[in-house]
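Please open the structure in your viewer and keep the selection tool at hand. The tour below goes from one selection to the next and says what is there at each stop.

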Amino acid sequence: MSIFSQSWAVIVMNIRSLPRRLWMSLAMVLASAVVVAVLLAFLAMAKGFEVTLQSAGAKDVAFFLRTGSAAELNSSVTRDQVNLIAEAPGIARSGNSPIVSPELYVIVDGIKKSSLTEANIPLRGLDPQGVELRQNFTLVAGRMFAPGTDELIVGEGILREFNGFDLGSEVRFGKYKWKVVGVFSTGGNVFESELWADAKVIQSLYNRGSTYQSVRAKLTPDADLEAIKAYLENDPRITQEVQTEEAYFAAQGKSLSYMAIFGRVISSVMAFGALAGALNTMYTSVADRAKEIATLRAIGFSHFSAFVGTMAEALVLALIGGIVGALSAFALFDGMNASTLGGSFTQVVFSFEMSPELVLQGVYLSLIIGFVSGFFPAWRAASVPVAVAFQGGR
Amino acid sequence: MKDLYLVYKNLTRKKMRLFLTSLAIFVAFLIFGAVTALQGALNSGIEMSADNRLVVVHKTNFTNPLPYAYVNKVQNIDGVHQVTHANWFGGYYQEPANQVITMAVDPDTYFDVYSELVVSPEQMAAWKANRAGVMVGERLAKVNNWKVGDQIPISSNIFSKKEGGHTWELKVEGIFGATDPQVDTGYMVFHYKYFMETQSWGGDNVGWLVLTTDDPAINEQVAKAIDETFANSQAETDTSTEKAFNKAFIEQIGNIGLIIFGVVFMAFFTILVVVGNTMVLAIRERTAEIAVLKTLGFSSPRIFRMILAESCLLSFLGGLLGLGAAYLAVDGASEFLARFLPNLVLDGSIALQALGYMLLLGLVTGIVPAISALRLNIISGFSKG
């Protein structure tokens, strides 16, 4: 018999005898499943947050903030500076006027559905040109706010996570009342966690004078960011710096990456616990089959086949656990809605996202658990002298 | 005594299994201790809030400023004991990523309202006398290795100085501690007046007001009186107890916290189930031996007790080591993480909870085999073996 058919015979035999050790085997599957599920829960959270922010940034939109402010929250731009920025090289024009969108926001309170407590929401002021700069913008219901009025439109994320923003309702922020006239979607990204209204109305209601916080500008296809940077630096009246919107949101998306790190640490520590359980299972399995193994060895099966048989059993059990863990994490967490404070000190509504790569990572982890927990018991199975094994083998 | 020796022998008969089972229990309690401490740190702001402290913020949102005139107006409202105020400075040290929580406060009242903060009278006097002085919290000082007398450059990601730049040179005049280790001392405060005079925007706004009432029982009444005073003004207010305010702030971080702790605790219990299963099986293997003990005249209750003792011993062996490791890990991490999570402590209540779970694990895993041993008929015990 070739070494392959030998090994195959042992593998089949081991796996068929699994029901005999049902509880121990289930324990190993469960241990492996839990470790994988925990890892994936954390990774899916970090991933979902990252995607929500990253997908908001466009490559061909320049984003201007006050130097050193890092986030929109701390930035400021005067009307004169907006006009200077609009004349920078590489900014696209429609007809004769540059496509720029000066924007500002005030943070207002909304009531979170999950906790019924107040949480920060950005009420962004912008004009129609700013709306056009958002890719995938669509009005899902109602209509656009009319400039110069106290009307606002609400993002789908806000509707999902907060109370009281239904179409047609009136909302009160401090002294002022606003009317919700529309619901918008931007394809699931962070803009859906915002309320939008006319910039000038917000400036006058919230004492902002003629200042804004950030400027977005459409770039021409051949625009050079370095040229814009040089232009900004050469004009002492400008105190802003530039980056692409894509770069800005990519950096913001990293702010929950500590979750992924935390998840990896927790699941690695937990993997040790699971490993201990799994090793116990496999040692029990080897002890349970000691006589069989000895018999096989006595009739001429190789050490190698005994080793492979036990190894395969461990890998199969761990893999089943990994798949169960990944599937249950997928069922429980994929698409789960959550919201947390983002870099702009306002709520970012996002969904957990379980991508295929993440599932693969979970499966790899389960295979590592299977390999380690199989190796040592398999070694024992292969190396116990036949005579000893026949005596009882424990 | 003989029983204990037997229990010990049973426990150590398979060294490998003993090691692996203890390791799994160890890991479970390590995670339990560390994560519960983490959760406690996140919630410490709620637990540490004083009963008679209220927070007054702008009704639209707490990031909007209030007029300075409100300070005196609120002080004159009935039932208000002492008012102080603070402004968020957006501070960082050297690198923007190196955030330092910095607030501009009123030096004469701030430490009266936050009476749990402790400063020596000499340092307090020195700080009040130096307008460009800063009072640094113990943990913050430790993280950055700042000493009294140090000159530290603190930059703001919000404000600029009148003479240009974003960096204020402040002198550490004092270091404040607290009466309880869970009180946050991971921040620093400097003079409001100096801040207002040196920053370029000017104005006379305060970020928020904090006040103590004469008696916690009148909190609600005082809060209502404050909000009514400013109703229909340019800046309406929203007054809540410090506890409610802190709780709402933690809720902002949101259900992700809830999800994480849910997941981790689920995992903790699953590990216990897995380990428990192993322990139950390990004792079941010995049915024949138990029959022998009974034949030798060991009474059933005695065997019952021995088995329970064995499972509890195992549970506490792994569990206590795990809890100890969690203590060391939390202790080590608290210095490393002091900047983000100032109040990381594994305290007595967490340890007590963990001990409870260890006992539970020991009893639950022991009770099934112990009962079956109690009922075991000698003859059937031998035939099974």
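The domain bounds used on this tour come from an automatic or database domain assignment. Keep in mind throughout that this is a predicted model, one that scores ipTM 0.81 and pTM 0.86.

**Chain A as a whole**

Begin by selecting chain A, whose secondary structure comes to 13 helices and 15 strands. Its radius of gyration is 30 Å, well over the 21 Å that the globule rule gives for 394 residues, so chain A is more spread out than a compact globule.

Next, colour the domains of chain A separately: domain 1 is made of 3–54 together with 255–390, while domain 2 covers 68–238. Their centres, taken over C-alpha atoms, are separated by 47 Å. Where the two touch, domain 1 of chain A contributes 11 residues and domain 2 of chain A contributes 17 residues.

Stay on the domain 1 side of this contact and select helix 2 (22–54), strand 14 (337–341) and strand 15 (347–351) of chain A, which are the elements that give two or more residues to it. Strand 15 of chain A gives the most to this side, with 3 residues. Sorted by class, the domain 1 side of the contact holds 4 nonpolar and 7 polar residues, and no charged ones.

**Helix 2 against helix 9**

Now select helix 2 of chain A again, this time together with helix 9 of chain A, and look along the pair: they pack at an angle of about 175°, with their axes 8 Å apart. Since angles over 145 degrees count as roughly antiparallel, helix 2 of chain A is therefore roughly antiparallel to helix 9 of chain A. The residues of the contact between these two helices divide into 20 nonpolar, 9 polar and 1 charged.

**Where chain A meets chain B**

Bring chain B into view and select the residues at which the chains meet: 43 residues of chain A are in contact with 41 residues of chain B. On the chain A side, the elements that give two or more residues are helix 2, strand 4 (100–112), strand 5 (118–126), helix 9 (257–288) and strand 14. Helix 9 of chain A gives the most to this side, with 10 residues. By class, the side of chain A that touches chain B has 25 nonpolar, 14 polar and 4 charged residues.

**Chain B**

Along the principal axes of chain B, the C-alpha trace spans about 95 × 45 × 35 Å.

Methods: Residues are numbered from 1 along each chain as its sequence is written. Chains are lettered from A and ligands numbered from 1 in the order in which they are written. This is a predicted model: local features need pLDDT of at least 70, side-chain atom pairs count only at pLDDT 80 or more; totals for chains, interfaces and linings use all residues. Two residues are in contact if their C-beta atoms, placed from the backbone, lie within 7 Å. Helices (H or I, at least four residues) and strands (E, at least two) are DSSP runs, numbered from the N terminus. Ala, Val, Leu, Ile, Met, Phe, Trp, Tyr, Cys and Pro count as nonpolar, Asp, Glu, Lys and Arg as charged, and the others, Gly among them, as polar. Axes are lines fitted to C-alpha atoms, for helices over the stretch in contact, and angles run from 0 to 180 degrees between N-to-C directions. Angles under 35 degrees count as roughly parallel, over 145 as roughly antiparallel, 65 to 115 as roughly perpendicular and the rest as oblique. The radius of gyration is taken over C-alpha atoms; the globule rule is 2.2 Å times the number of residues to the power 0.38.
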